[in-house]
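I opened my notebook to look up a few things in this structure.

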Amino acid sequence: MKIMVSSCLIGLNCKYNGGNNRNEKLLRLLEGHTVIPVCPEVLGGLPVPRPSAEIVNGTVMNTAGENVDAAFRLGAEKALALAVRERPDLIVLQSRSPSCGVKQIYDGTFSGRKIPGQGLSAAAAAKVGFRIIDIEDVDELTLT
């Protein structure tokens with residue numbers, strides 16, 4: 001099985017704060033499968049570390065008040081192009097990210113409040129029919 005995974009979930013230090021979201025359960029599930037790591041934010045040219053960002057009225061802004069929407073959209077395009085080329089059976093993405101959020105994102109106030117919604121990359125992949133899950137649902141995941 002081919003699985004595209006948010007790079008931070010497999011331990012790559014690409015998060016906004018320079019860290020990762022390594023998930024041991026996911027790593028065990030991925031054993032024996034082809035893994036395609038992806039970080040749309042890095043693909044879009046953003047540095048590590050970088051100010052955190054949220055979707056504010058449809059535009060991605062960072063905590064410094066800078067409009068970083070173009071980089072996030074470029075990253076989403078590049079991540080989607082990679083998925084189209086590689087044709088993963090499943091895409092596993094990081095929760096709440098303005099790129100990778102599957103079910104929820106932060107509300108754009110930088111207050112930690114969450115709302116229903118998808119990040120740009122998750123939305124792009126879902127729109128063309130890829131099977132996507134949120135890492136928070138990893139306990140329900142079985143790979144054959």
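**Entry 1: leucine 26**

I started at leucine 26, which sits in helix α1, residues 24–30. Helices (H or I, at least four residues) and strands (E, at least two) are DSSP runs, numbered from the N terminus. I kept in mind that this is a predicted model, where local features need pLDDT of at least 70, side-chain atom pairs count only at pLDDT 80 or more, and totals for chains, interfaces and linings use all residues. Residues are numbered from 1 along each chain as its sequence is written, and side-chain values use heavy atoms, with hydrogens and water left out.

Is leucine 26 buried or exposed? I found it buried, with a relative accessible area of 0%. Buried means under 20% relative accessible area, exposed over 50%, and partly exposed in between (1.4 Å probe, protein chains only). Leaving out residues up to four places away in sequence, leucine 26 touches Val5, Leu9, Val92, Ile135 and Val138; contact means heavy atoms within 4.5 Å.

**Entry 2: the cores**

Next I looked up the nonpolar cores, meaning sets of buried Ala, Val, Leu, Ile, Met, Phe, Trp, Tyr and Cys residues joined through side-chain atoms within 4.5 Å. The largest has 15 residues, of which Ile3, Leu9, Leu26, Leu90 and Val92 touch the most other members. At least two residues of this core come from each of β1 (2–6), α1 and β5 (90–93). I also noted a second, separate core of 14 residues, with Ala83, Cys100, Val102 and Phe130 among them. In soluble globular proteins, nonpolar side chains tend to be buried together.

**Entry 3: glutamate 41**

I moved on to helix α2 (residues 40–43), the place of glutamate 41. At 10% relative accessibility, glutamate 41 counts as buried. Setting aside neighbours within four places in sequence, I found glutamate 41 in contact with Leu46, Arg50, Phe72, Ser97, Pro98 and Ser99.

**Entry 4: salt bridges**

How many salt bridges are there? I noted 9, taking a salt bridge as a side-chain nitrogen of Lys or Arg within 4 Å of a carboxyl oxygen of Asp or Glu.

- Glutamate 24 and arginine 22 meet at 2.5 Å, N to O. Glutamate 24 is partly exposed at 39% relative accessibility, and arginine 22 is partly exposed at 47%.
- Lysine 25 and aspartate 139 meet at 3.4 Å, N to O. Lysine 25 lies in helix α1 and aspartate 139 in the segment after β8 (132–134), so this pair ties together parts that are 114 residues apart in sequence. Lysine 25 is partly exposed at 32%, while aspartate 139 is exposed at 59%.
- Glutamate 136 bridges to arginine 96, with the closest N and O atoms 2.4 Å apart. Glutamate 136 lies in the segment after β8 and arginine 96 in the loop between β5 and β6, so this pair ties together parts that are 40 residues apart in sequence. Glutamate 136 is partly exposed at 46%, whereas arginine 96 is buried at 18%.
- Lys2, Arg85 and Glu86 are linked in a network of salt bridges.

**Entry 5: back to leucine 90**

My last stop was leucine 90, one of the core residues that touch the most other members. Not counting residues up to four places away in sequence, leucine 90 touches Lys2, Ile3, Met4, Arg131, Ile133, Leu141 and Leu143.
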